[in-house]
Amino acid sequence: MADTQPTTEAGPNAANAAAPLSGLAMKRRGPVAVWLGLPIVTLGIYQLVWYYKIHKEMNEHDRRQNLSPAGSVLVLLFLSWTLIAPLISFHNTGKAIANAQRAAGLQVTCSPAASTWLAFVFGINVWYMQRELNRVTEAYPGATPGTQVPLAA
């Protein structure tokens, strides 16, 4: 009879189901500095560093996203001559930014198509993507980069 008594212990997945989703806050960057200033000063190297950092931060912000920061940079480094591969990477980055906005509980304003095609207009897609990422950081006022923040969905 003792085996039929209900237990009050929850299973290992019960605590995870009740716990709210959380991730790490991202860093706010100046869109013009990321697009024009720092790449000019560093002869284009900063844009690759920036691309790596935003993918890493989006991964840490919402661990449900499966992004490869190094892979994204390697596409720009070694496959930029194909023109198609970087455009696909920019499109996928636009989708990841839209997912980060959704996870922050914001209305999605980042367009993957704009992230792609603005590359042909003086590379202004970098400015656009950073501006859209800054909307995610503004959703968590006072949160310093790397601190835990709650996710909406």
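Reply: Start with N66, which sits in the loop between α3 (45-61) and α4 (69-79). Helices here are DSSP runs of H or I with at least four residues, numbered from the N terminus. This is a predicted model, where local features need pLDDT of at least 70, side-chain atom pairs count only at pLDDT 80 or more, and totals for chains, interfaces and linings use all residues. Residues are numbered from 1 along each chain as its sequence is written, and side-chain values use heavy atoms, leaving out hydrogens and water.

Me: What makes α2 roughly parallel or roughly antiparallel to α7?

Reply: The axes of α2 (residues 31-41) and α7 (residues 125-138) cross at roughly 155° and come within 7 Å. Angles under 35 degrees count as roughly parallel, over 145 as roughly antiparallel, 65 to 115 as roughly perpendicular and the rest as oblique. Therefore α2 is roughly antiparallel to α7.

Me: Which residues make the contact?

Reply: P31, V32, V34 and W35 of α2 meet V126, W127, Q130, R131 and N134 of α7. Contact means heavy atoms within 4.5 Å.

Terms used. Axes fitted to C-alpha atoms, helices over the stretch in contact; angles between N-to-C directions. Helix = DSSP H or I, 4+ residues; strand = E, 2+ residues; numbered from the N terminus.
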